[in-house]
Amino acid sequence: MEKFTQLCGLVAPLDRANVDTDAIIPKQFLKSIKRTGFGPNAFDEWRYLDHGEPGMDNSQRPLNPDFVLNQSRYRGAQILLARENFGCGSSREHAPWALEDYGFRAIIAPSFADIFFNNCFKNGLLPIVLDAEIVAQLFRDAEAAEGYKLTVDLDAQTVTTPSDQSFAFNVDAFRKYCLLNGLDDIGLTLRHVEKIKAYEARRKVEAPWMFAQ
């Protein structure tokens, strides 16, 4: 998992509340359990004018010109700005996979659905909860200024605007540690790989019948 320390990224304002996981990555794309390749189908039903299916050449599909991520000024955005209850609906882990594969590293909203919120941390995305009035201000600023960027400092737990306004956010200490060090559940386990090997070697001596072919 990629480390998250500090990010100065372009902001894309998705001005919708209650964005559910089926909107983030529709159900027909859930057949794969690989973590990559979902970015081209993130927000598929809003992003394209036709119906998407796995295996389609997305470069040939008609884009919806009214959808925010299709506007050239937001191309390459790494910070998604959203309204309340982002990530509601089913618990599919494909949703953070799709957002990360698209290129987002952080999501700022007044609130998130609990399971989606947890899945973000497990997949290298930083979900940031800020007061609704602050989020509304960021929406106004992002829409008013092309190329609007925010600086997210995970260690300091701050979001800073181009005018040097700084907003603090809370994050669980363990989740913060994992993101700062790029550790998912597998990475956390592999920190103890030598102890695991030693245990397995000891068990082969103590209970050899368990390892018989």
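**Contacts, strands and the pocket**

Tutor: Leaving aside neighbours within four places in sequence, T161 is in contact with L138, Y148, L150 and F167. Contact here means heavy atoms within 4.5 Å.

Student: What kind of model is this, and how are residues numbered?

Tutor: It is a predicted model, in which local features need pLDDT of at least 70, side-chain atom pairs count only at pLDDT 80 or more, and totals for chains, interfaces and linings use all residues. Residues are numbered from 1 along each chain as its sequence is written, and side-chain values use heavy atoms, with hydrogens and water left out.

Student: OK, back to T161. Where is its place, and is T161 buried or exposed?

Tutor: T161 sits in the loop between β6 and β7 (166-168). Its relative accessibility is 5%, so T161 counts as buried. Buried means under 20% relative accessible area, exposed over 50%, and partly exposed in between, with a 1.4 Å probe and protein chains only.

Student: How many helices and strands does the chain have?

Tutor: The chain has eight helices and seven strands. Helices (H or I, at least four residues) and strands (E, at least two) are DSSP runs, numbered from the N terminus.

Student: Which strands does β1 pair with, and how do they run?

Tutor: Strand β1 (residues 6-13) is joined to β5 (residues 149-153) by five bridges, and the two run antiparallel. Two strands pair if DSSP finds at least two bridges between them.

Student: Which residues stand opposite each other there?

Tutor: On the β5 side, L7 is opposite V152 and C8 is opposite T151. On the β2 side, P13 is opposite L81.

Student: Why is β1 described as largely enclosed?

Tutor: Six of the eight residues of β1 are buried, so the strand is largely enclosed by the rest of the structure.

Student: And what else does β5 pair with?

Tutor: Strand β5 is also joined to β6 (residues 158-160), by three bridges and in antiparallel fashion.

Student: Which other residues have a positive phi without being glycine?

Tutor: N18, with phi near 55°, and F43, with phi of about 55°, are among them.

Student: Where are they, and are they buried or partly exposed?

Tutor: N18 is in the loop between β1 and α1, and at 45% relative accessibility it counts as partly exposed. F43 is in the loop between α1 and α2 (44-47), and F43 is buried, with a relative accessible area of 0%.

Student: What about G147?

Tutor: G147 is in the loop between α5 (132-144) and β5. At 40% relative accessibility, G147 counts as partly exposed. The C-alpha atoms of G147 and A77 are separated by 9.3 Å, although these residues are 70 apart along the chain.

Student: Changing topic: what lines the largest pocket?

Tutor: There are 13 lining residues, of which R47, L63, L69, N70 and R75 lie nearest the pocket centre. The lining divides into five nonpolar, five polar and three charged residues. Ala, Val, Leu, Ile, Met, Phe, Trp, Tyr, Cys and Pro count as nonpolar, Asp, Glu, Lys and Arg as charged, and the others, Gly among them, as polar.

Student: How is a pocket defined?

Tutor: On a 1 Å grid over the protein atoms alone, using a 1.4 Å probe, a pocket is an open set of points with protein on both sides within 12 Å along at least five of seven lines, and lining residues have an atom within 4 Å of a point.

Student: Last one: what about the chain overall?

Tutor: The C-alpha trace spans about 70 × 40 × 25 Å along its principal axes. Of the 213 residues, 46% are buried. Among contacts with a separation of 6 or more, 65% are between residues 24 or more positions apart.
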